Amino acid sequence: MMTNDKQTQNMVDGYRRYLKLQRAASPHTLDAYLRDVQKLLDFLQGEGIGPAEAELSHLQTFAAGLHDIGIGPRSQCRILSGVRSFYRYLAMEGYVEQDPTELLESPVIGEHLPEYLTTQEVDQLKDSIDLSKPEGHRNRAIIEVLFSCGLRVSELVTLRLSNLYIDEQFVRVTGKGSKERLVPISATALRELNFWFMDRQELKIKPGEEDYVFLNRRGHHLTRTMILIMLKRQADEAGLQKTISPHTLRHSFATALLEGGADLRVIQALLGHESIGTTEIYTHISQQSLRQAVLEHHPRNMR
């Protein structure tokens with residue numbers, strides 16, 4: 001990372017340690033936050049000042065510049081969130097007396113509700129898999145675990161055999177910030193896993209990979225990209241006219257629970273969200289469900 005002076009480099013190094021040690025940020029999150037900070041530092045260097053001298057007006061100009069170069073509102077919000085995190089650290093460590101980001105506004109973005117699948121569509125996705133292929137049972141198990149447990153893709157690819165409590169029907173999941181949670185796993189998902197485990201026994205597993213649940217043909221654990229490619233290809237083969245990703249199945253999990261009557265706080269705990277506001281973004285009730293609720297429960301419709 002290029003910075004404009006020794007003090008700025010010390011700020012960035014300290015921020016990196018703070019994210020890694022105190023915030024327990026994953027390597028992916030760490031890289032994203034540092035890239036956001038570098039965008040700001042490049043801008044401030046052009047202004048001839050360091051981060052400790054920046055005022056609200058400088059940051060507003062920086063934010064406006066993100067729009068001018070074609071960065072979308074959602075990405076602008078993410079970058080500015082990283083900038084705010086950086087300045088909170090600087091204020092905490094005494095580099096700045098006043099956090100200039102306190103009055104920095106983010107662009108307004110509309111509420112985005114990602115695609116979700118019904119249970120029937122999840123079954124359609126699974127049923128389209130060719131079980132004569134070596135990865136057939138594995139892919140069915142992946143889809144069912146994502147849908148039944150609501151895992152993030154990063155949680156799925158790092159899932160280990162030692163995290164499975166099959167008799168108790170629970171999975172121990174390590175989520176963001178290395179926080180662990182227990183998530184129930186359905187009998188259907190366990191059945192699909194058992195089929196996959198029979199095929200898994202035939203693999204020549206690489207040293208160090210033995211405890212990973214999901215492996216490729218060469219005995220290595222899967223990556224996020226491999227899961228994404230598999231799901232998109234399978235959605236095409238299933239004839240689903242929706243944009244499918246691992247997140248789609250996580251959202252489908254939350255939606256199914258919500259429409260089944262689960263409390264939002266329960267869904268929050270299962271998804272591993274710190275804020276209930278985040279959970280609300282992942283939930284969606286169809287207009288038909290809303291209409292049906294009124295018909296069934298409003299006193300004017302009861303007879």
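Author: Let's go through some labels one by one, and keep in mind that this is a predicted model.

Reader: Okay, what makes up the chain in terms of helices and strands?

Author: The chain has 13 helices and three strands. Of its 303 residues, 43% count as buried. The accessible surface comes to about 17,100 Å², and carbon and sulfur atoms hold 51% of that.

Reader: Are R16 and D13 buried or partly exposed, and how do you know?

Author: Buried means under 20% relative accessible area, exposed means over 50%, and partly exposed is in between. R16 has 29%, so R16 is partly exposed. D13 has 22%, so D13 is partly exposed too.

Reader: Why is E121 called buried while K242 is called partly exposed?

Author: The line between the two labels is drawn at 20%. E121 has 18% relative accessibility, so E121 counts as buried. K242 has 25%, so K242 counts as partly exposed.

Reader: And how do you know that E155 and R152 form a salt bridge, and where do they stand on burial?

Author: The closest N and O atoms of E155 and R152 are 2.5 Å apart, which is within 4 Å, so the pair qualifies. E155 has 3% relative accessibility, so E155 counts as buried. R152 has 12%, so R152 is buried as well.

Reader: How many salt bridges turn up in the whole structure, and which residues form a network?

Author: A search of the whole structure finds twelve salt bridges. K126, D127, R140, E144 and E192 are linked in a network of them.

Reader: What makes Y165, F170 and L182 a nonpolar patch?

Author: Tyr, Phe and Leu are on the list of nonpolar side chains, and a patch joins such side chains within 5 Å. Together these three residues have about 260 Å² of accessible area on the surface. Y165 has its place in strand β1 (residues 164-165). The relative accessible area of Y165 is 30%, so Y165 is partly exposed.

Reader: Which residues and elements line the second largest pocket?

Author: There are 19 lining residues, and E135, R138, N139, M230 and R233 lie nearest the centre of that pocket. The elements that give two or more residues to the lining are α6 (136-149) and α9. With seven residues, α9 gives the most. The space in this pocket is about 400 Å³.

Reader: Last one: what share of the contacts with a separation of 6 or more joins residues 24 or more positions apart?

Author: Such residues account for 56% of those contacts in the chain.

Note on methods. Residues are numbered from 1 along each chain as its sequence is written. This is a predicted model: local features need pLDDT of at least 70, side-chain atom pairs count only at pLDDT 80 or more; totals for chains, interfaces and linings use all residues. Side-chain values use heavy atoms; hydrogens and water are left out. Patches are made of residues with over 30% relative accessible area and no salt bridge: like charges are joined within 9 Å, nonpolar side chains (Val, Leu, Ile, Met, Phe, Trp, Tyr) within 5 Å. Accessible areas come from the Shrake-Rupley method with a 1.4 Å probe; for residues, only the protein chains shown count as cover. A salt bridge is a side-chain nitrogen of Lys or Arg within 4 Å of a carboxyl oxygen of Asp or Glu. Helices (H or I, at least four residues) and strands (E, at least two) are DSSP runs, numbered from the N terminus. Buried means under 20% relative accessible area, exposed over 50%, partly exposed in between (1.4 Å probe, protein chains only). Contact means heavy atoms within 4.5 Å. On a 1 Å grid over the protein atoms alone, a cavity is a set of points where a 1.4 Å probe fits but cannot get out, and a pocket is an open set with protein on both sides within 12 Å along at least five of seven lines; lining residues have an atom within 4 Å of a point. Grid points are joined across faces, edges and corners, and a volume is the space filled by probe spheres set on the points.
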